[in-house]
Amino acid sequence: MAKPQARTCHICEANCGILVELEGERVVSIKGDPEDVLSRGHVCPKATAIADLQTDPDRLRTPLKRVGADWVPIGWDQAFREIADRFVAIRSRGGAGGLYIGNPTAHNYSVGMMTGHLKRALGARAIWSAGTVDQIPHQLVQLWMYGHNSLFPISDIDRTETMLIIGGNPMASNGSVWTVPGIRHRIAELQARGGQLIVVDPRRTETAELADRHLFIRPGSDPAFLIALLLALDEAGAIRPGRLSDFMDGFEEALALLRGFDMAGLSAHCGVAEADIRAVAARLGNGGPAAVYGRMGVSTAEFGTLNHWLIQLLNIATGNLDRVGGAMFSNPGVDLVALAGRGNHGRFFSRVSGIAEIMGELPVVTMAEDIATPGDGQIRALFTIAGNPVLSCPDGQALDAALETLDLMVSVDMYVTETSRHAHYILPPCGPLQKDHYALSLGAIAVRNYAKYSPALLPMGADEKSDWEIVAGVANAMLVAQGEAAPNIRHPRDTLDHMLRQSAHGMTLAEVEAHPHGIDLGELQPGRLPERLCNEDKRIKALPAAIPAELGRFAARMAEAAPDQLLLIGRRHIRSNNSWLHNSKRLLKGPERCTLMIHPADADARGIADGQPVTISSRVGAVTAPAEITDTVMPGTVSLPHGWGHGREGVQLSVAATRPGVSLNDLTDRQRFDPLSGNAALNGTPVTVSLAA
């Protein structure tokens, strides 16, 4: 039996080091790598699913063409040629093309290097991605305040004394927009040195169970809590930005706007007692290192951008931005901030609703209408890469119906999913162990600077292709069919080597590859500002131009009567990852996970007993799921996990079909979004719940 080989688990943002033991091409075991410079031996159940993905009989091995109701295997050259010809015909009739890029591309450095060629071949501005049902408010605030959308402040949990998490559950996510493997151990180390973890969430999450303090908060009311924290700091004389004041504009003006809010009103709106707010503020403002981190709960919300601005303001107000134990900036093996453009916003607008472009993309809330609405620029051809927007985007049923009307749909996908079942062609990449890996995007947001490259562990068959080869191949065929020059395709390894050489550490790919457990590049360093800022004048812009009006909009929302409906939130699970791990037998086993969590008082008021099927209804749809009565959700709040709903006709996921669940996004509403970033407001969806008929 061969010696276990070191690799990185590519499934989630933690990028844990693993040891893969192979017997020929059979995976014998997958374990945590104790020598990995970042994860230190930690591994979660998801890593074992790599073996299931590699050997899954449902995973497609050859291109498929839909002929009537049947899938017919075809060759790569035929697929590329037919797709190109059909696209040219659509363009000649005035139809437009679009592209949806799914979350797994963030974990696959090579395919991201090819999407530019496909965008050029499509010649369209209709580009969507999972980013606008996820982290785009982070990026917009960073662009406005620090001058670059990828200049992420990273919570230094390993050296902080106070960690405040609002709307995040890293015990389930392993960190999100925060590469932080082994979070349980890091929390324990924080507490062992006398520090505190504070969690604010409508649900007592797995992370909250470990916290020193957990506060329930009404879904969607996060700005009230964050503003109240700043007011409490202000009242206590604990606002001390320190050296940050030397290169910052607009901070005092921002505070002046916040002072127009009333503490009692803010407390009543968010449901957090004034005494609790002041206690958290006292902890943040005690002069010790502290970090405030917000994630999906505050991002996929109607005021997502406002939330992230307030979080940045808190880290600034307490002097914890760019400070050891606070919110710091990385110096990774590949510096995307130095090598990539700053980002854009509002250069063009969606054709139906007029929603602004962000970072070169349109928000996904525009996707269904841009496909379904006739007129100039109507999307008639759609390409998807590693994405399942029917389950991951709001109002999934509307998108489901829209996809069926397309003249051409092409999915780069390993499976026939809820989305790719609509495709005319499915182009499947090879298995995960047949690809190499480098944490290009996610390494830049890690809690420690590092670099690690993992070569492929298994060879590709003669008729298999990696994702990047598929995207490059179809883009090449489409460009040539339109009479344009074929793109100059550079191997991703060569591009990665160039990026490593051009970054601060000046390494080569060969040097990184020679260290299979990774290269430790040291702790995050303080004092990176102002030099790291990308604004032309190297100054923090503490009050972006759009924020005053957004504060006014929030004040108006506070004055409205609270809805008398229950508010729906999503949730994650450690044995799942969005929609694409439910075909793993070893991960799907165990108790039913697609349940509606409901507080005992709310269940009692509706005559609901534990385990009974209940119907959850919103403005756009209804689903039925078993009730899970629990006091881990606050009264007035219900929770349904996202990523389920595998019971749609035509899906070919045999394991997932045994426990299909229902889709949260058959309830969420594409008319609910953050108007600044365009991000979908998945959390806080008003719903009614009743016993199923």
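Analyst: Helices (H or I, at least four residues) and strands (E, at least two) are DSSP runs, numbered from the N terminus. The model is predicted: local features need pLDDT of at least 70, side-chain atom pairs count only at pLDDT 80 or more, and totals for chains, interfaces and linings use all residues. Residues are numbered from 1 along each chain as its sequence is written, and side-chain values use heavy atoms, with hydrogens and water left out.

The largest nonpolar core contains 62 residues, and Phe-225, Trp-309 and Ile-540 have the most contacts inside it. Helix α8, residues 222-235, gives the most to this core, namely 10 residues. A nonpolar core here is a set of buried Ala, Val, Leu, Ile, Met, Phe, Trp, Tyr and Cys residues joined through side-chain atoms within 4.5 Å; buried means under 20% relative accessible area, exposed over 50%, and partly exposed in between, with a 1.4 Å probe and protein chains only.

Contact means heavy atoms within 4.5 Å. With neighbours within four places in sequence left aside, Ile-540 touches Met-145, Tyr-146, Leu-244, Phe-247, Met-248, Asp-249, Ile-316, Leu-321, Leu-529, Leu-533 and Asn-535. A second, separate core has 33 residues, including Leu-408, Leu-427, Ala-472 and Ala-475.

Helix α5 (residues 136-146) packs against helix α13 (residues 304-317) at an angle of about 50 degrees, and their axes are 8 Å apart. The arrangement of α5 and α13 is therefore oblique, where angles under 35 degrees count as roughly parallel, over 145 as roughly antiparallel, 65 to 115 as roughly perpendicular and the rest as oblique. Axes are lines fitted to C-alpha atoms, for helices over the stretch in contact, and angles run from 0 to 180 degrees between N-to-C directions.

From α5, Pro-137, His-138, Leu-140, Val-141, Trp-144, Met-145 and Tyr-146 meet Gly-304, Thr-305, His-308, Trp-309, Gln-312 and Ile-316 of α13. By class, this contact of α5 with α13 comprises eight nonpolar, five polar and no charged residues. Ala, Val, Leu, Ile, Met, Phe, Trp, Tyr, Cys and Pro count as nonpolar, Asp, Glu, Lys and Arg as charged, and the others, Gly among them, as polar.

Helix α13 also packs with helix α9 (residues 251-258), at an angle of about 115 degrees and with the axes 12 Å apart. Here Phe-251, Ala-254 and Leu-258 of α9 meet Trp-309, Leu-310, Leu-313, Ile-316 and Ala-317 of α13. The contact of α9 with α13 has eight nonpolar residues, no polar and no charged ones.

The loops follow. Lys-538, a residue other than glycine, has a positive phi near 60 degrees, and at 36% relative accessible area Lys-538 is partly exposed.

Asn-15 likewise has a positive phi, near 55 degrees, and is not glycine. Asn-15 sits in the loop between β1 (5-8) and β2 (17-23) and is buried, at 3% relative accessibility.

Thr-417, in the loop between β18 (408-412) and β19 (425-427), is buried at 7% relative accessibility. Outside four places in sequence, Thr-417 contacts Asn-388 and Val-651.
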